[in-house]
Amino acid sequence: MSAQRIAYKVHGTVQGVGYRDYTQRRAAEFGLKGWVKNTSDGLVEGEAQGDQNSVQKLIQELGKGPRLAHVTKLQKKDITPEEGENHYAVRQTSDSVVSFD
């Protein structure tokens with residue numbers, strides 16, 4: 001089965017509520033590779049790669065988030081799969097690198 005990779009951006013109350021750790025745990029449960037981080041403009045963004053079924057499961061979880069989160073918008077797009085990742089990482093907060101223009 002071929003790998004699918006998505007980029008995503010999550011809007012709402014998603015910082016300071018454990019959203020990145022929640023995402024990392026769910027992604028690891030589903031066997032996904034990639035990363036998640038807070039952005040300097042108050043969002044959470046990341047990339048996830050794995051089989052299509054597992055990526056779809058993560059997308060459902062991203063729309064919910066942890067108990068204290070309130071997701072108001074979830075943007076996602078398919079991107080080219082990458083090689084060389086061996087886990088799902090939490091990255092340091094920085095400016096956004098995912099564009100939906």
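Leaving aside neighbours within four places in sequence, which residues is tyrosine 88 in contact with? In this predicted model, the contacts of tyrosine 88 are Tyr8, Thr23, Gln24, Ala27, Leu32, Lys33, Gly34, Trp35, Val36, Glu47, Ala48 and Leu58. Tyrosine 88 belongs to strand E5. With a relative accessibility of 4%, under the 20% cut-off, tyrosine 88 counts as buried. A polar atom of the tyrosine 88 side chain lies 3.0 Å from the backbone oxygen of tryptophan 35.

The strands form an open sheet of five, in the order E4-E1-E3-E2-E5 and with mixed pairing. Strand E4 (70-79) and strand E5 (88-90) are the edge strands, each pairing on one side only. From one strand to the next, the twist averages 15 degrees. Strands of a sheet pair through backbone hydrogen bonds, in either a parallel or an antiparallel sense. Strand E1 (residues 4-13) pairs with E4 in the antiparallel sense, over nine bridges. Within this pairing, histidine 11 stands opposite lysine 73 in E4.

Strand E2 (residues 33-38) has two partners in the sheet. The pairing of E2 with E3 is antiparallel and extends over six bridges. Here tryptophan 35 has glutamate 47, in E3, as its bridge partner. The hairpin of E2 and E3 has five residues between the strands, and glycine 42 in this hairpin takes a positive phi near 90 degrees. With E5, strand E2 runs parallel, and three bridges join the two. Glycine 34 stands opposite tyrosine 88 in E5. Strand E2 is mostly covered, since five of its six residues are buried.

Helix H1 (residues 19-29) packs on the sheet, where H1 touches E1, E2, strand E3 (44-50), E4 and E5. The direction of H1 makes about 170 degrees with that of E5. The buried residues of H1 are Tyr19, Tyr22, Thr23, Arg26 and Ala27. These residues lie on the same side of H1, because they cover an arc of only 125 degrees around the axis. The cover over the buried residues of H1 includes E1, E2, E3, helix H2 (52-64), E4 and E5. Exposed residues Ala28 and Glu29 are carried on the face of H1 turned away from its buried side. After H1 comes glycine 31, which has a positive phi near 75 degrees.

Arginine 26 also lies in H1. Its relative accessibility is 18%; because buried means under 20%, arginine 26 counts as buried. Apart from neighbours within four places in sequence, arginine 26 is in contact with Leu58 and Glu61.

In the unreviewed UniProt entry, the annotation "active site" covers Arg20 and Asn38. The two residues are spread over 19 residues of sequence but cluster in space, with a largest C-alpha distance of 7.5 Å. Arginine 20 lies in helix H1, whereas asparagine 38 has its place in strand E2. Are these residues buried or exposed, in terms of relative accessibility? Arginine 20 has a relative accessible area of 26% and is partly exposed. Asparagine 38, at 8% relative accessibility, counts as buried.

The surroundings of the two annotated residues can be listed from their contacts. Not counting residues up to four places away in sequence, arginine 20 touches Val36, Lys37, Asn38, Val90, Arg91 and Thr93. With neighbours within four places likewise left aside, asparagine 38 is in contact with Val14, Gln15, Arg20, Leu43, Val44, Gln92, Thr93 and Ser94.

How values were computed:
Residues numbered from 1 in each chain as written. Predicted model: local features only at pLDDT ≥ 70, side-chain atom pairs only at ≥ 80, totals over all residues. Heavy atoms only, no water. UniProt positions renumbered as here; feature names shortened; annotations may be inferred. Helix = DSSP H or I, 4+ residues; strand = E, 2+ residues; numbered from the N terminus. Buried < 20%, exposed > 50% of the residue type's maximum accessible area, 1.4 Å probe, protein only. Contact = heavy atoms within 4.5 Å. Pairing = 2+ DSSP bridges. Axes fitted to C-alpha atoms, helices over the stretch in contact; angles between N-to-C directions. Polar contact = N/O pair within 3.5 Å; in protein donor to acceptor, adjacent residues only side chain to side chain. Arc of directions from axis to C-beta.
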